[in-house]
Amino acid sequence: MPRPLPRLIQVIAMALICACTGCYQRGTAPEQMPATEHTAVEIMRANCGTCHGVEGQGGYSWVDPTWFAPELAGVTEAVVKTMVRMGRPPAMPMIPEHEVSETELTALAAYIAGLPANAVPAPAYDTTMFVLDEDPWFSPMQVSIQPGQTVRFVNLGRTYHPVADIAFVTSHGMDGIFSGNLGANGEYYHTFDTTGVFTLLCGMHPYMRGEVHVGTGTAPVPPTWVPAAPQPLPPVAGVGEIWVMAQFQNWPGKATDGVAQVIDAATFTVTNQIPVGNNPHNIWFGQGNNEALITNWFGVSVNTVDSATKLVTGEYIAGAAPAHVTSDYAGTNWYVSMEGSHYIQSFTQAPGIYGLGGFTLVTPRAVVSGYGPHGVWYANGLLVSSNSMDNSFSIVDAASLTELATLPAGIMPLGASANSSGTIGACGNAVSNSVSIYDISNRIYIRDIPTSGSTVQVPFTPNDQKIFAATGSGVTIIDAMRAINASTWPDPASAIDTFIPTGRGAHGIAFGFKSGGGLYAYVSHKFTNYVSVIDVATQTHVGDIPLLTTTTGNVSLAGATDTGGNGIAVRPNPAPWQ
C-alpha cells in the first residue's frame, strides 16, 4: 500500500489537483433544489467518509484503490468546497450542486474543518437493510418495524447505490426518502414515523427494490414469480452473432453477477458464455466489430472482449457506475456514460493506459449539466445523453466533448438515441412511461409520446424511419416523422404504429440482418430468460431465443432474476458506422 503523505502535503496536493482540473466546468444547478436536504454528518457518513474516513482520517478510494484518499480532518472550508465540486476523476467523482446544494456544502465544509474533535457518532437503529450488487439487492428484501423506529442502510456494493422511495422519484425529489449518493460501505439512517408500506429502490439502478412495512400488523409476503415460456424459435435464421448482457446471472467462483451470452443467429442457440465484470450492463463493438467494450454498471470499470476468441482482454477503471457505451462512425472511439461520476468519458479502441494498478491518465471528458448521464448515443459528430438523476437530455459535441444544450425529459430517462444524421433525438423515460422526442438541429424538446410501461432503450431503425422502444412487457414502435411533427399530428398517440408484447422487463433492442434480406429487432428482458425477435418490416413477433440459465428460482420484488438480459448488440451491426 502507498505510504500516506503528511497532512499538509496532502492538502497542497489536493489543491493542485483541483487547480489542474479547473477546465472541467461544474454543471448548472437545477431551478428548484430538492426539499430533502442532508446534514453534514449524513453526507460525510454516506459519501465522503467512504473514502476519506467518517472522521476524515484518510483512506483509499473505492473507485481506484491505488489512490490514497487524503486526511480531511481540519482541512480549510475553501479547499473542501473546491475538492467536492471538482473531484479528481476517475478516483474521486465530482459532486455537482444537484447532489449537494451550496447550503449543504457550506455545512459539510465547516464540519470537516472541525474534525476530529466535533465528530458525531452514528445514531441508534432498530434494524439493518444491506444494499447489495447481487439480487435480490436489498437484504433482507422486506422488513417490518413500528412507527418511530429507525432503519440503517449499509451499501455493501462496489459503486453508488442511493436509497430512495417511489415518492422521491415521482415528485422530482421534492418529497420522500433519499439517502443522497450512498458510496461503497456508506451508511444512511432513516426513522419511519408514518404507518404504511414504503417501496424503496436504488435511485441509480431502479429495479433494485426493497420494502419497509411500518406498523401494518401483517408480515411481509415475499414475491413469487412463474417463469414465462418462450415462443418457438423464428422460422427464418438471422445473420451473425447476438451478444446479450445477462446482468443478473451467477457464475461458479465469480464473486459478482454477470455473464455475456453469445447467440449464433444462424441457429438461434447460445454458443458462448463469458463471465465478465460486475453486472455487465451495456455493450458496443469497435472498428471492424473485432473488439467489444462492456460497461460494469454496478462497478467502476469497463471490460474489453476479443470478438473472435470470446476472451476478456482487459479491465480499465473508468469511474463510478459506467452505464452505457456507444461508438463513432469509424468505430475508433468509444464513449461511456459515467452515471455516478457525472461525465461522458472517451476511450480509444486500445485504452491500455487505463489499466488497473497503473497510472490513470486524465483525458478530456464531457461534463454535462444534466445529472447522472445514463444512456449515450453517437450520431454524425454529436453525442446525446439521457440524465437519469435530474430528468434531462444533453446534446454534446463529440470532437471537443463540450455540451451544447440540456433539455427537459420525462421521469428517470434511461435510454438515449438519435437518427443517423443527428437531427432527431429520443430518450426512454422509465418512471413516466414515455419517449421524449427532440429536434436536435434546433436544440428543442418537442413532446412526450406515451407508452404502456417503463421505457428504457429507444433506438432508431437503421433507415431512421421508426423508433423501437422497449416498454414494460414489449416494444412500442413509433413513426419518427409523425413523432417530430407535432403540428401535423398533434395527438401524441398518432405517432405510434403498434405495441408488440414480448416479455417482462423489456430493456434492450438491437438490429441485425435477417437471412435472405431484411432486418430483425432483438429484444432483451430484465425478468424473462429469453430474447424476443421482431421482424422489422412486418412489425410482428416471430419467435424467442432461450438464454442459458444457471440460477433457477432467483426472484426480487421487481421480478424473476434467474438470468435476465440488459444490454444487447449484434455483430455485425447494420448501422451505418459498422
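Colleague: Why is Tyr 160 called buried?

Modeller: Keep in mind that this is a predicted model. Tyr 160 has a relative accessible area of 3%, and buried means under 20%, so Tyr 160 gets the label.

Colleague: What makes the pair of Trp 62 and Tyr 160 edge-to-face?

Modeller: Two values. The ring centres are 5.0 Å apart, and rings pair if their centres lie within 6.5 Å. The planes stand at 85 degrees, and over 60 counts as edge-to-face.

Colleague: Which parts of the chain does that pair tie together?

Modeller: Trp 62 sits in the loop between β1 (59–60) and β2 (68–69), while Tyr 160 belongs to the loop between β6 (149–155) and β7 (163–165). The pair therefore ties together parts that are 98 residues apart in sequence.

Colleague: Why is the pair of Tyr 335 and Tyr 378 called stacked?

Modeller: Their ring centres lie 6.1 Å apart, with the planes at 5 degrees. Since planes under 30 degrees apart count as stacked, that settles the name. This pair links distant parts of the chain, with Tyr 335 in strand β19 (residues 333–338) and Tyr 378 in strand β22 (residues 373–379), 43 residues apart. Both Tyr 335 and Tyr 378 are buried.

Colleague: Which residues do ring pairs link into a cluster?

Modeller: Trp 137, Tyr 207, Phe 248, Trp 297, Phe 298 and Phe 527. Among the contacts of Asn 566 are Tyr 207 and Phe 248.

Colleague: Where is Asn 566, and what makes Asn 566 buried?

Modeller: Asn 566 lies in the loop between β36 (540–546) and β37 (568–571).

Colleague: What joins the side chains of Asn 566 and Gln 247?

Modeller: A polar contact of 3.5 Å. The cut-off is within 3.5 Å, so that value meets the rule. Gln 247 also makes a side-chain polar contact with Asn 279, at 3.4 Å.

Colleague: Where is Gln 247, and why does Gln 247 count as buried?

Modeller: Look in the loop between β11 (241–246) and β12 (259–264). Relative accessibility is 0% for Gln 247, and anything under 20% is buried. Residues that Gln 247 touches include Tyr 207, Trp 297 and Phe 298.

Colleague: Now the cavities. How many cavities are there of 30 Å³ or more?

Modeller: Four. Of the 17 residues that line the second largest cavity, Asn 47, Cys 48, His 52, Met 92 and Ile 95 lie nearest its centre.

Colleague: Which helix gives the largest share of that lining?

Modeller: α2, with five residues. Both α2 (40–52) and α3 supply at least two residues.

Colleague: How do the residues of that lining divide?

Modeller: Into 14 nonpolar, three polar and no charged. As for α3 (residues 77–86), its buried residues include Val 79, Val 80 and Met 83. After α3 comes Gly 87, with a positive phi near 65 degrees.

Methods:
Residues are numbered from 1 along each chain as its sequence is written. This is a predicted model: local features need pLDDT of at least 70, side-chain atom pairs count only at pLDDT 80 or more; totals for chains, interfaces and linings use all residues. Side-chain values use heavy atoms; hydrogens and water are left out. Helices (H or I, at least four residues) and strands (E, at least two) are DSSP runs, numbered from the N terminus. Contact means heavy atoms within 4.5 Å. A polar contact is a pair of N or O atoms within 3.5 Å; within protein, one must be able to donate a hydrogen and the other to accept it, and residues adjacent in sequence count only if both atoms are side-chain atoms. Buried means under 20% relative accessible area, exposed over 50%, partly exposed in between (1.4 Å probe, protein chains only). On a 1 Å grid over the protein atoms alone, a cavity is a set of points where a 1.4 Å probe fits but cannot get out, and a pocket is an open set with protein on both sides within 12 Å along at least five of seven lines; lining residues have an atom within 4 Å of a point. Grid points are joined across faces, edges and corners, and a volume is the space filled by probe spheres set on the points. Ala, Val, Leu, Ile, Met, Phe, Trp, Tyr, Cys and Pro count as nonpolar, Asp, Glu, Lys and Arg as charged, and the others, Gly among them, as polar. Rings of Phe, Tyr and Trp (its six-membered ring) pair if their centres lie within 6.5 Å; planes under 30 degrees apart count as stacked, over 60 as edge-to-face and the rest as tilted. Lists of a residue's contacts leave out its neighbours within four places in sequence.
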